[in-house]
Amino acid sequence: MGLLHRLSPAALRILALLAVLAVVILFFSMQIEGYLNGRLFNRISSSVAIMALIATGQTLVILTRNIDLSVGSIVGFSAFATGSLISNNPDLNPLLLLLYSAAVGAGFGMINGALVAYARVPSIIVTLASMALFRSALVEYSNAKSITTETLPAWLTDFPNMPVLSIGTLEVRAGFAASLFVVILVHLCLTRLRPARALFAVGSNPEAADMAGIDAKRVVFAAFALSGLMAGLAGFMFLARFGNITVVAGLGFELKSVASSVVGGVNIFGGSGSVIGAFLGAILVDLLETSLVRWAVVSEFWREAVLGALILLAVTTDTLLSRRLTKLRAKKSKEAAK
Amino acid sequence: MKHLIMGAAAALMLTTANFAYAEAIKLEGGKATNMVLLPKFLGILVFDQANEGAQEAHKELANSGELQFVGPTPENSVAGQIEIMTTSGTQGVGAIMLSNNAGDQITPSAEAAQKAGAKVVTWDSPIPGGKGEDVFVAQVDFGSIGVVMADMAHSILGGKGKMAVLSASADASNQNAWIDAMKAALAADPKYADIELVDVVYGDDQAEVSYNRALALVDKYPDLGLIMSPTTVGIQASAKAMQDEGLCDKVKVSGLGLPSEMVSYTMNGCAPEFALWDFRDLGYLTYMTAYGLATGQLKGEIGETFTAGRMGDYSIEADPGREGAKRILMGPFTIYNKDNVEAAAK
């Protein structure tokens, strides 16, 4: 009974992803001088803290065979609304502020959820429209003002960079730790809680889920509400990290979150995947992006194309590798059965 | 010999022609014409300031027509600008004032608007090819921006060191022109010989992209001394990134920024010096120009001089950066440092 046998396909998938991550790091450490150090960890972890939350929400939606393209706009709106609330009430309790950003996000998510689940409009159409609508709402709401770091309290802007644990130059910062905590919490819920398992059921076979007495509409609605909530929390983190919020905040995050989820092995057709995978996917995408900027071989204008190609390559390698591992496992268990 | 005399005569004629125009045209108020102020997109402070300036001029000239401030949403900037240009043209407005974000793609719709009788006055960012545009109101001389940035780099680096540029998007025509001007300035004067421009990267005018690019620059060039960012979003994000990572002692930030956004970074030494012009004045001067053209009081010819209200006299001249195009030069710059930034931030 080898190690392979004891691991589930999902765990194999994670292993394959980790292997791809290691290869990428190894490759760039040979290409770029002074690449592998504590600072690299600090950079990636601080920046991925925001995307990890969004990708987690996106994963919940993709699991139900849907997609949420409005997350970028929700992040922007939530960051701005949270910033303007704290600017006007500097003594507000931090917890209340956090709840406010979550509520703003969840509110937008519920609009999406209601339209997809109950009005039966395809999610790609609903969220394509709401992406533009929420962004326009932000333009209206902001009244061409921007939030600046000066108006924010120090506890908020200091929070993401506060070291929780440091080993040499390597720091685990509060922002990253908080976001990792949320990812693990969601992961535990998805694997242990019965209502959360309904997301998988609805995504992998809606008819069967219906027969089993699962209210698919409610599940889809909840997935969108949660995705909005996660984007709202990401908006809070965005505000804390960047301080300066204009109407373009979070532009393009929707595609990056879809890329993170898919790279992380979440099936775009629903039903399978994990938030840990999406988290690793977000790390991989961020790592590639950061490394490419530092890699002298690729010019500014080719970087996007190379990034796209590398994401494609990562997904392909990961799929082939995990398929190979699963096959190997099946063969081993057959042998063991003999 | 004959040629020489004729040349001299022609030169003389040109000078007298200039003299003939030297009398500044006084704009007559009270004429009705509808105007559209079209920024790159809505929701950015500097464009709102430009609108305030335009509204001020609108009231001052007692134009009973309408001044509309319309722009696209950020994610739809290029297509939105073209659409607004097209509809404004068909609605028969007197003038469209455009801060162009669509490159030469805007030209067909701008030319159509001109055919329909509208004057197209660009401000902040021109149409690169100059077609479809009556005149460009330049905030400052694009060449002088290059010199100012080179000088700030010289004083911050103490005359020697490495710098990198963090710009807006790769196809922003104003930023690209300024970066080229800075490169030219650096190459032209031997006093800049020890300043090395190592890289140009783009943060797309988004805080998160700019912030990450700034950090990547520091990682890529361990002995980098300065990040020069000719955009208000980029300079702020770079300064914050350097401050957050405790790098302000090693890497300074400079460029074009808003005092209200930069004040803390200037006071703590992360961004000791930066520059900008007044966007309210730019909006005011643009409106004056567009009104003059739309009401037929200005012809839009090179050498024409007019009085732009509180700002004084301005002339239409050939744009040295774009062949065949015309511009009105506003100027000057304000350089901000710890002596004057606090007052300007209020």
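The expected span of a helix is taken as 1.5 Å times one less than its number of residues. In the predicted model, helix 6 of chain A (residues 123-142) comprises 20 residues and extends 27 Å from its first C-alpha to its last, close to the 28 Å expected. The buried residues of this helix are A:Ser123, A:Val126, A:Thr127, A:Ser130, A:Met131, A:Phe134, A:Arg135, A:Leu138, A:Val139 and A:Ser142. These buried positions pack against three other elements of chain A, namely helix 4 (71-88), helix 5 (94-118) and helix 12 (253-263). Helix 6 of chain A is followed by A:Asn143, which has a positive phi, near 55°.

Chain B is assigned two domains, domain 1 (7-140 + 279-332) and domain 2 (142-276). Taken over C-alpha atoms, the centres of domain 1 and domain 2 of chain B are separated by 30 Å. Contact between these domains involves twelve residues of domain 1 of chain B and ten residues of domain 2 of chain B. The domain 1 side of this contact in chain B consists of seven nonpolar, four polar and one charged residues.

Between the chains, 29 residues of chain A are in contact with 32 residues of chain B. On the chain B side, two or more residues are contributed by each of helix 2 (45-60), strand 8 (195-202), helix 7 (207-220), helix 8 (232-244) and helix 9 (259-267). Helix 7 of chain B gives the most to this side, with nine residues. By class, the residues of chain B that touch chain A divide into 15 nonpolar, seven polar and ten charged.

Conventions: Residues are numbered from 1 along each chain as its sequence is written. Chains are lettered from A and ligands numbered from 1 in the order in which they are written. This is a predicted model: local features need pLDDT of at least 70, side-chain atom pairs count only at pLDDT 80 or more; totals for chains, interfaces and linings use all residues. Two residues are in contact if their C-beta atoms, placed from the backbone, lie within 7 Å. Helices (H or I, at least four residues) and strands (E, at least two) are DSSP runs, numbered from the N terminus. Ala, Val, Leu, Ile, Met, Phe, Trp, Tyr, Cys and Pro count as nonpolar, Asp, Glu, Lys and Arg as charged, and the others, Gly among them, as polar. A residue is buried if 20 or more other C-beta atoms lie within 10 Å of its own, exposed if 12 or fewer, and partly exposed in between; C-beta atoms are placed from the backbone. Domain bounds come from an automatic or database domain assignment.
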